[in-house]
Amino acid sequence: MTLWLSSLPSFASLLVAVAVTNAVALTITFGVRRWYSRRNVTAGPVVVNCWAVSVGGLSALLFAFAILTLWNILNDAKSNVADEGAAIRLVARDLAPGQLPLLRAYVGASAAEWPQLCGGRPDPSVDVSLVLLERLAKPRVPEYSGDLYRQLGVVEDLRYRRWSKAGGSAPFELRIALCVVALSLFGVLGIALPERGDTHAALTVLIATAFGVVFWVITTLAYPYCGSTYKVGPEQITASLRSYSM
């Protein structure tokens, strides 16, 4: 679901995240109130507030860790693509002019498979194109051979890194932990049971909206090569050959 959510326009994905979080929170709140009303419980003990503060602090810490981790992964993805573009420029510089079409074929195929980074698989034809380039590559002059083959190795390594980061960057266990902590906080706040139901609902909506926004931020950062808010595209790779004529 997070991959689908990240592909929506920014405002739409925010609305969906907030709406889903509020729906879950209000369901828990009214469910707890109904369960308590059947047992003639009018208000939760004061100590519940302390539990709510503790769970809220744990939620904030876990959310901050998740967002910081995903932000670093996003920056790594940007750096990876920039380095890949730089390596391709160096290959074009050192490659024999007659073999530039091989490099162009690989760059074009690599850019064409970019949508597959969003839940798909690598295109075997791109791997074949890269292998063919590595096997047939000849330097412009013999003195460039060392740099040429080294940069071709860098291109292959960066492609592998790009695909290793293509899936959801947030570990599955972290997502489960975030959901469990959020549900725990909603449960604790439900147990508090203020006497006025409208006050209880309003407080729940405020907290759930804040949680929804945090989940939305995490979702937009989870897939560095997808989405509409923060997306690392192939522009730096395709632009690396613009200054080289056929």
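**Figure 1. Overall fold of the predicted model.** The protein has 9 helices and 0 strands, so that its elements, read along the sequence, follow the pattern α-α-α-α-α-α-α-α-α. Of the 246 residues in the protein, 38% are buried, and the accessible surface comes to about 13,000 Å², with 66% of that area belonging to carbon and sulfur atoms. Among contacts between residues at least 6 apart in sequence, 83% join residues that are at least 24 apart.

**Figure 2. Close-up of the crossing of helix 2 and helix 8.** The axes of helix 2 (residues 10–37) and helix 8 (residues 197–222) come within 8 Å and cross at roughly 140°, and the crossing is right-handed. Residues of helix 2 that make the contact include Ser-10, Leu-14, Ala-17, Thr-21, Ala-25 and Arg-33, while those of helix 8 include Gly-197, His-200, Thr-204, Ala-208, Phe-215 and Trp-216. Sorted by class, this contact has 13 nonpolar, 10 polar and 1 charged residues.

Figure 3. When residues up to four places away in sequence are not counted, Glu-84 touches Tyr-106, Leu-158, Arg-159, Arg-162 and Ile-237.

Key
Residues are numbered from 1 along each chain as its sequence is written. This is a predicted model: local features need pLDDT of at least 70, side-chain atom pairs count only at pLDDT 80 or more; totals for chains, interfaces and linings use all residues. Side-chain values use heavy atoms; hydrogens and water are left out. Axes are lines fitted to C-alpha atoms, for helices over the stretch in contact, and angles run from 0 to 180 degrees between N-to-C directions. Helices (H or I, at least four residues) and strands (E, at least two) are DSSP runs, numbered from the N terminus. A crossing is left-handed if the near helix is turned anticlockwise from the far one by less than a right angle, and right-handed if clockwise. Contact means heavy atoms within 4.5 Å. Ala, Val, Leu, Ile, Met, Phe, Trp, Tyr, Cys and Pro count as nonpolar, Asp, Glu, Lys and Arg as charged, and the others, Gly among them, as polar. Buried means under 20% relative accessible area, exposed over 50%, partly exposed in between (1.4 Å probe, protein chains only). Accessible areas come from the Shrake-Rupley method with a 1.4 Å probe; for residues, only the protein chains shown count as cover.
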